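This report goes through a few residues and a ligand site, one topic at a time. Please keep the sequence and the model at hand while reading.

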Amino acid sequence: MAPRKLAAGNWKMNGTLAALAEIDRLLADHPQPGCDVLLCPPATLVHAAAARAGHIAIGGQDCHAQASGAHTGDIAAAQLVDAGASHVIIGHSERRSDHGETDIQVAAKAVAAHQAGLVAVICVGETEAQRDAGQTLDVISAQLAGSVPEGATAGNTVIAYEPVWAIGTGRTPTSDQIAEVHALMRQRLSDRFADGGDVALLYGGSVKPGNAAEIFAIPHVNGALVGGASLKAQDFGPIIAALSAA
Ligand SMILES: O=C(CO)COP(=O)(O)O
């Protein structure tokens, strides 16, 4: 089995019911994409999105490590499943920075996601200061070791490399820099898991229609986790097409 190609969109805290029309446009424009397509809308839209998403998978943007209980404002993995989600983003850098999530917490959330039957899209990435200090590979290694739980398989886990300094900035690493990190991630996963060679590895951070094809040509890049350019079908569509052609 080779890693599956996945074009994933993270809508973050954007969109109301009206935004679901973008899903209809994507379905119309890409009736048979040559890759898996995932959209992660805000929690308020997961159920409605899943009801009309057809072949597009729907995911949450976070889940709690506990299965239920007194955790006001949080969402359990099983509740995402109940709403129609098949995936959940875990450990996005905005969760790590806004909510102080640690690798240990991220791993616990991934375990909860797996137990509920969700695919966990686990995010890692260095800050600009860490890259400038030459720490990128050490940071990514440590995040992978700490955030990816023992039960991870190619079927229940996707890893997204998102350099913090590339998110929403219009800046991207060079192809060589992305290749270096993705090769490291493939090696670390292969060392640790029997099917680590088959875990899909996504790049995320200012992926746009104009740079998608170049990024998808990089070894061990199996797709993208797209923020801003996933909000509109006219932007996300060409990214889906580029991955399908890669
Ligand atoms: O954080 C991201 C996806 O999770 C990337 O966001 P942008 O594509 O807007 O840079």
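Which residues does the UniProt annotation "active site" cover? In this predicted model, the annotation, taken from an unreviewed UniProt entry, covers His92 and Glu162. Although spread over 71 residues of sequence, the two cluster in space, with a largest C-alpha distance of 8.3 Å.

## His92

His92 is placed in the loop that runs between strand E4 (87–90) and helix H4 (93–98). His92 counts as buried because it has 28 C-beta neighbours inside 10 Å, and the cut-off for a buried residue is 20 or more.

Not counting residues up to four places away in sequence, His92 touches Gln61 and Cys123.

## Glu162

The loop holding Glu162 lies between strand E6 (157–161) and helix H8 (175–192). Is Glu162 buried or exposed? Glu162 has 25 C-beta neighbours inside 10 Å and therefore counts as buried.

Once neighbours within four places in sequence are left aside, the contacts of Glu162 are Ser93, Cys123, Gly125, Ile167, Gly204, Gly205 and Leu225.

## Residues with positive phi

Lys12 is not a glycine, yet it has a positive phi of about 50°. Its position is in the loop between strand E1 (6–10) and helix H1 (21–29). Lys12 counts as partly exposed because 19 C-beta neighbours lie inside 10 Å, whereas a buried residue needs 20 or more.

His220, also not a glycine, has a positive phi of about 65°. This residue sits in the loop between helix H9 (212–216) and strand E8 (223–226). With 20 C-beta neighbours inside 10 Å, His220 meets the cut-off of 20 or more and so counts as buried.

## Surroundings of the ligand

How many residues are around the ligand, and which come nearest? There are 14 residues around it, of which Asn10, Ile167, Gly204, Gly227 and Gly228 come nearest.

By residue type, the shell around the ligand divides into five nonpolar residues, eight polar residues and one charged residue.

How values were computed. Residues numbered from 1 in each chain as written. Predicted model: local features only at pLDDT ≥ 70, side-chain atom pairs only at ≥ 80, totals over all residues. UniProt positions renumbered as here; feature names shortened; annotations may be inferred. Helix = DSSP H or I, 4+ residues; strand = E, 2+ residues; numbered from the N terminus. Buried ≥ 20, exposed ≤ 12 C-beta atoms within 10 Å, placed from the backbone. Contact = placed C-beta atoms within 7 Å. Near = placed C-beta within 6 Å. Nonpolar A, V, L, I, M, F, W, Y, C, P; charged D, E, K, R; others polar.
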